[in-house]
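Visitor: I am new to this structure and would be grateful for a guided introduction. May we look at it together?

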Amino acid sequence: MAMAAWKRAGVCLTAAAVVVGLAGCQDGDDGGSKKAGASAEGQTRDEAAEVLQAAFKKTSEAKSSKIRMTIETSGTAAESGTMEMSGVQGWDPAVMDVTMKGTGFAAGGPGAPEQMRMIMLDGVMYMDMGAQQAAEMDGKRWMKMDFKAAAEATGDPEVQKQLTGGLENMNQDPAQQLALLLESPSLKHVGPEKVDGVEAQHYKGTLSFEEMIDANTSFELLSKEERDELVAMAEKSGMKGYDTEIWVNEDDLPVKMVVGMTMAQGTMKMTSHFSDYGAKAEVEAPPAGETFDFVQMLKELESLGAGSAA
């Protein structure tokens with residue numbers, strides 16, 4: 001495989017990691033019945049929590065939505081730029097069919113696709129690497145990334161925890177950000193606002209990194225020592241916490257979410273717009289003849305001695 005193709009593969013895997021990391025919050029209490037559209041300005045924290053609990057339940061039951069997302073990064077912590085994603089996602093079971101593009105993504109050099117389609121199905125991510133990739137790989141333009149197979153192939157328990165934790169996070173839905181916001185001590189109701197032409201109620205809150213870990217079930221895979229080390233690394237990086245804003249419409253469904261975090265090395269902001277809840281998410285895997293297995297390719301290269309040098 002040409003070096004340019006490997007670089008494109010790395011960029012695509014980074015994009016996949018972003019998508020996988022978007023979700024990953026604990027299940028919340030599904031109680032509460034206060035309607036967002038019926039609430040007045042100046043809700044107490046308990047009233048705001050009631051709205052978000054109802055939204056969590058309603059969103060979980062919807063099982064799918066269309067999504068439009070913008071990811072903005074700056075500083076030295078990541079490739080600075082803006083990445084856009086749009087398509088459909090489903091949960092229970094977890095599926096996704098989205099297209100990604102933008103300055104933060106198209107960094108793979110000459111021949112890299114200007115945009116990339118990503119499909120997730122049955123715990124496997126498929127990434128369309130573009131026409132040049134197909135020419136270099138006998139027509140195989142789709143890279144298959146099986147997270148379970150990758151975890152087993154590493155032989156490293158720590159890496160396995162990270163990959164399987166990422167797989168678990170992919171089985172989450174937009175409601176999980178609601179659950180995370182419910183854990184914020186600073187949760188508050190900002191007031192009514194129009195989003196994409198519809199009336200919605202605006203909520204916001206902040207969680208420290210340690211509070212986020214406590215609210216995220218995937219971190220239960222870590223030992224106390226590992227968790228403490230992770231918190232120490234976050235503090236060293238200058239990460240202050242996660243700022244979350246959510247707009248809930250009159251049907252108790254989130255129509256917009258903004259998640260941001262600031263570190264010493266830079267910032268990241270994710271803005272998501274949701275619509276068409278409950279729309280059928282028909283997602284199919286690419287044809288096998290157009291697909292190459294990334295994990296299998298790594299094994300074959302290792303057998304040839306590739307990457308053995310320090």
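Visitor: Is D196 buried or exposed?
Guide: The model shown here is predicted. D196 is in the loop that joins β7 (188-195) and β8 (198-207), and its phi is near 50 degrees, a positive value in a residue other than glycine. Its relative accessible area is 51%. Since the term exposed applies over 50%, D196 counts as exposed.

Visitor: Where is D138 placed?
Guide: D138 has phi near 55 degrees, a positive value in a residue other than glycine. With a relative accessible area of 75%, D138 is exposed. Its place is the loop between α3 (131-136) and β6 (142-146).

Visitor: How are helix α2 and helix α6 oriented, roughly parallel or roughly antiparallel?
Guide: The axes of α2 (residues 45-62) and α6 (residues 175-182) come within 8 Å. Residues in the contact include L52 and F56 of α2, and L178 and L182 of α6. The axes cross at roughly 160 degrees, and angles over 145 count as roughly antiparallel. Therefore α2 and α6 are roughly antiparallel.

Visitor: Which kind of aromatic pair do F274 and Y277 form?
Guide: A search of the whole structure finds one aromatic pair. F274 and Y277 lie 6.4 Å apart, centre to centre, with 35 degrees between the planes. Planes under 30 degrees apart would count as stacked and over 60 as edge-to-face, so this pair is tilted.

Methods
Residues numbered from 1 in each chain as written. Predicted model: local features only at pLDDT ≥ 70, side-chain atom pairs only at ≥ 80, totals over all residues. Heavy atoms only, no water. Phe/Tyr/Trp six-rings, centres within 6.5 Å; stacked < 30°, edge-to-face > 60°. Axes fitted to C-alpha atoms, helices over the stretch in contact; angles between N-to-C directions. Helix = DSSP H or I, 4+ residues; strand = E, 2+ residues; numbered from the N terminus. Parallel < 35°, antiparallel > 145°, perpendicular 65-115°, else oblique. Contact = heavy atoms within 4.5 Å. Buried < 20%, exposed > 50% of the residue type's maximum accessible area, 1.4 Å probe, protein only.
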